[in-house]
Amino acid sequence: MLGDGSLLKWGFSVNHKYIGVLYLVFGVWMGIIGTCMSAVIRIELSTPGLWLGDGALYNNFITAHGLIMIFFFLMPGLIGGFGNMLVPIYLGVVDMAFPRLNNLGFWLLVPSAGLLFTAFLVGEGVGAGWTIYPPLSVAGGISVDFAILSLHIAGISSLLGAINFVVTVTVLSKQYWSGVQLYVWSIYITAYLLLLSLPVLAGGLTMLLVDRNFNGSFFDPAGGGDCLLFQHLFWFFGHPEVYILILPAFGLVSQMVIFYSGKEVAFGNTAMVYAMGCIGFLGFLVWAHHMYTAGLDVDTRAYFSAATIVIGVPTGVKIFSWLATLWGSAAWVEGGVVVMWVSGFLFLFTVGGLTGIVLANASIDIALHDTYYVVAHFHYVLSLGAVFSFMGALVHWWPVITGVCLDYVLMVVVFFMIFIGANLTFFPQHFMGMGGMPRRYLEYGDGFLYWNSVCSVGSLLVSLSLVLFVYALWESLAVVRGIVFGSANSSQVEWVSGSLPVSEHDFLG
């Protein structure tokens, strides 16, 4: 295998399809690692006593789980993986605008992930949470520096990818804007969000490094700094980051709904594009709704509450458009397991969006802030919404990527295991949050034992489903089950190319 140039093909190739596959493989394995970490967290929380035996180790798992799932699973999978696979095909171009930059963008993720794992293996680890707020992150050991450097490199990788997508769509596309597919629009808008938000995160992380290593006082009030400045910088990136993760998921869901319903989206492409644009724009105007308990004045809280609730309008446009498109179509018959994933996405993301509207109200958020209600909310949006779209897209495009089909029965079982397990894990957390259970605590009162046990059973079910999912991927490649084309997919652009043609930019040499 190695003698036929495989190392050259996969290591040095600048073919967008190969790089897309590398992103997908990397993202899937990092997602499995992150899910295993969440299983450890749930085992710890299954009983009030100590299992890990160390609160610092527990906080390390919390931090690592969040950073891995966001920066090394969802972003590489939804943007780097499917973006590289599909955007050039949908645009009808040979490759990305900067193929070598594309290669560099992926391989930067590898040392970035290595540095993140190193951060949790040296010293005391990183126990500051994925938000790495000072003063916890200022007081930490050298492991925090490793984590900051890891995020810097991951940010550079994302910026290179964003530049590549913007130039590819703007310059190389020979289509009129009205003819551009919705997934391409979602990646295009996401790329601009990355270009505008990542430099702010980079600035905050650099200031944090200066405070830690060069006696700076950006975030130290004793030296004239502002302890809340990092929160403002982080969330000016952090809230658009939510939409950076979910907008590509929206694009993938749109493509799958169009594909299996056999018709265009009900409200039209223009409405869907404007909805995504509004979501992206408003995402930059609501960052401080994460900071209601930080001492914001009443007028500021009123503004951020209103602006946050307004985002529900374009989001609702997309949800109802998808539902109207599926209504009365053949998707429920021809879509099979993929439409199951799409339906699961619609249900779970809607639940997460509704609890987001609840938390947008400052007076309610102050009572529920840093409780498990917030954990349930953002997991329904991201851990369930974005992941379900990723899983559905992986099943849908698996024949295009590999040339073989997944076993239908296995994938139905995987879907129901993940759907039931995920809801068992996160829905009870709404009740615990309203009961006052704080997040990131490894001990709790006996009154929360029942629902924590239910959550842990759900997490175990999800973990078992991932084992079955990996087996299903291996089984499809081992059996080499052929593609069965139906009437719905004979004219779709992503199915026209049954193989992965080699572009003129295939190798650096």
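Helices H14 (residues 337–360) and H16 cross at roughly 160 degrees, and their axes come within 8 Å. With that angle, H14 and H16 are roughly antiparallel to each other. All of this comes from a predicted model, where local features need pLDDT of at least 70, side-chain atom pairs count only at pLDDT 80 or more, and totals for chains, interfaces and linings use all residues. Numbering starts from 1 along each chain as its sequence is written, and side-chain values use heavy atoms, with hydrogens and water left out.

**Helix pairs**

- A word on terms: helices are DSSP runs of H or I with at least four residues, numbered from the N terminus.
- Axes are lines fitted to C-alpha atoms, for helices over the stretch in contact, and angles run from 0 to 180 degrees between N-to-C directions.
- Roughly antiparallel is the label for angles over 145 degrees.
- H14 passes H16 in a left-handed crossing (the near helix is turned anticlockwise from the far one by less than a right angle).
- By class, the contact of H14 with H16 has 17 nonpolar, 10 polar and no charged residues.
- For those classes, Ala, Val, Leu, Ile, Met, Phe, Trp, Tyr, Cys and Pro count as nonpolar, Asp, Glu, Lys and Arg as charged, and the others, Gly among them, as polar.
- H2 (residues 16–45) and H19 (residues 449–479) pack at about 155 degrees, with axes 9 Å apart.
- That makes H2 and H19 roughly antiparallel to each other as well, and H2 passes H19 in a left-handed crossing.
- On the H2 side, the contact (heavy atoms within 4.5 Å) is made by Ile32, Thr35, Ser38, Ala39, Arg42 and Leu45.
- H19 brings Asn452, Cys455, Ser456, Ser459, Val462, Ser463, Leu466 and Val470 to the contact with H2.
- The residues in the contact of H2 with H19 split into 7 nonpolar, 6 polar and 1 charged.

**Two buried helix residues**

- Val375 is found in helix H16 (residues 372–402) and counts as buried at 8% relative accessibility.
- The scale here: buried is under 20% relative accessible area, exposed is over 50%, and partly exposed is in between, using a 1.4 Å probe and protein chains only.
- Leaving aside neighbours within four places in sequence, Val375 is in contact with Gln429 and Arg439.
- Val375 and Val93 are 282 residues apart along the chain, and their C-alpha atoms are separated by 42 Å.
- Asn60 sits in helix H3 (residues 55–91) and is buried, with 8% relative accessibility.
- Not counting residues up to four places away in sequence, Asn60 touches Phe120, Glu124, Gly125, Val126 and Gly127.

- As background, most residues other than glycine have a negative phi, and most peptide bonds are trans.
- The peptide bond from Pro134 to Pro135 is cis, with omega near 5 degrees.
- Pro135 lies in the loop between helix H5 (109–119) and helix H6 (136–139).
- Ile132 is in the loop between H5 and H6, and has a positive phi of about 40 degrees although it is not a glycine.
- Ile132 counts as buried, at 3% relative accessibility.
- Asn215, not a glycine either, has a positive phi of about 55 degrees.
- Asn215 lies in the loop between helix H8 (182–213) and helix H9 (229–261) and is exposed, with a relative accessible area of 77%.

**Cysteines**

- The structure holds 0 disulfides, a disulfide being a pair of cysteine sulfur atoms within 2.5 Å.
- Cys227 is partly exposed, with a relative accessible area of 41%, whereas Cys405 is buried at 17%.

Terms used
Parallel < 35°, antiparallel > 145°, perpendicular 65-115°, else oblique.
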